[in-house]
Amino acid sequence: MSLKVKDIEEIMENYAPSKFKESYDNVGLMVGDKEDEIKGILIALDCTLKVIEEAKEKGCNLILTHHPLIFNKPSSITKDTLQGRKIIELIKNNLNLFSSHTNLDSVYGGLNSLIMKKLGFEDYSTMELSPVREPGDNVTGVGRLAILNEAISIKDLCRMVKNKLRVPFIRYTGDENWKVDKIAVINGSGEDFFSISKKLGAQCIITGDTTYHYASDYTEEGISIIDVGHFETEWPAFKMFGELIQEQLKEKAYNVDIIISEKTSRVYKFK
């Protein structure tokens, strides 16, 4: 059975409804033709020029990313800008681009949930529930707060995070001997949710993209910050999501392979 772009659009809307995106966000089909028959799907965190080339090389005419290529309406599309070059390259090569961002972060089975599974946290709740969720939905929203049965030291927590997410380097604040049993996790950039984390009693916040003054102030208040990195808190979960979508396609008898990008990589390098 042939799979069209519009079928993926429907599958994604059922999995992570667009109504759950944050107000600033842009999700859905960025570039493409809903009637195109999909030959292969490339899973990538960002639509980079290298990822576009990879899609061409691997015969994938749909790129499914977490981060949208188009956040705001562009005033023009030319090769004078990086965004313009990407859009033109996609169109010239008949490539479709679909993005699922903050809506996918929020839903059950989305990146917030998957990163908790990856970290091994089982008992947790949503930090800020979505205002547009259905009655009885106590899951959809941003951030997760884990409650541990037994307190863990910051030193051991850092070691666990590095091992579970397979990262070579993390930043942390506070005394490594501090014991914590309430841990806030916000994948990607989480500073906007630091105050909520504090109100909920979090003693440690795991996230990425933290800045000096935020980290300094919250550490003074006795809250440890573990900055794993934006990429490192999203890509492991997004790869897991790709595997879940592959299972859904098989259940629906669609014979289309999902390929995890090999060109998606950390922006920062470590020495």
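Student: How many cavities of 30 Å³ or more are there?

Tutor: Let's begin with the general idea. Rolling a probe the size of a water molecule over the atoms shows where empty space is left. In this predicted model, the count comes to one cavity of 30 Å³ or more. The volume of the largest cavity is about 30 Å³.

Student: Which residues line the largest cavity?

Tutor: Its lining is made of Ile 115, Leu 119, Leu 165, Val 185, Asn 187, Ile 206 and Thr 233. Helix H5 (111-119) and strand E8 (179-189) are the elements that each give two or more residues to this lining. Sorted by class, the lining of the largest cavity has five nonpolar residues, two polar ones and no charged ones.

Student: Now the pockets, please. What volume does the largest pocket have?

Tutor: A pocket is an open space, whereas a probe in a cavity cannot get out. Here the largest pocket has a volume of about 580 Å³. Two helices, H2 (49-57) and H9 (230-251), are the elements that give two or more residues to its lining. H9 gives the most, with three residues.

Student: Which residues lie nearest the centre of the largest pocket?

Tutor: Of the 23 lining residues, those are Phe 231, Glu 232, Arg 266, Val 267 and Tyr 268. The lining of the largest pocket as a whole has nine nonpolar, six polar and eight charged residues.

Student: What does the second largest pocket look like by volume and lining?

Tutor: The second largest pocket has a volume of about 410 Å³. It is lined by 20 residues, and the closest to its centre are Tyr 24, Thr 102, Asn 187, Ser 189 and Phe 193. Two or more lining residues come from each of helix H4 (102-106), strand E8 and helix H9. E8 has the largest share, four residues. By class, the lining of the second largest pocket divides into four nonpolar, ten polar and six charged residues.

Student: Let me try a single residue. Is Ile 147 buried, partly exposed or exposed?

Tutor: For that, look at the relative accessible area: under 20% is buried and over 50% is exposed. Ile 147 has 33%, so it is partly exposed.

Student: Where is Ile 147 placed, and which residues does Ile 147 touch?

Tutor: Ile 147 sits in strand E6, residues 141-153. Leaving out residues up to four places away in sequence, Ile 147 touches Asp 123, Asp 181 and Lys 182.

How values were computed:
Residues numbered from 1 in each chain as written. Predicted model: local features only at pLDDT ≥ 70, side-chain atom pairs only at ≥ 80, totals over all residues. Heavy atoms only, no water. 1 Å grid on protein atoms, 1.4 Å probe; cavity = no way out; pocket = protein on both sides within 12 Å on 5 of 7 lines; lining within 4 Å. Points joined across faces, edges and corners; volume = space filled by probe spheres on them. Nonpolar A, V, L, I, M, F, W, Y, C, P; charged D, E, K, R; others polar. Buried < 20%, exposed > 50% of the residue type's maximum accessible area, 1.4 Å probe, protein only. Contact = heavy atoms within 4.5 Å.
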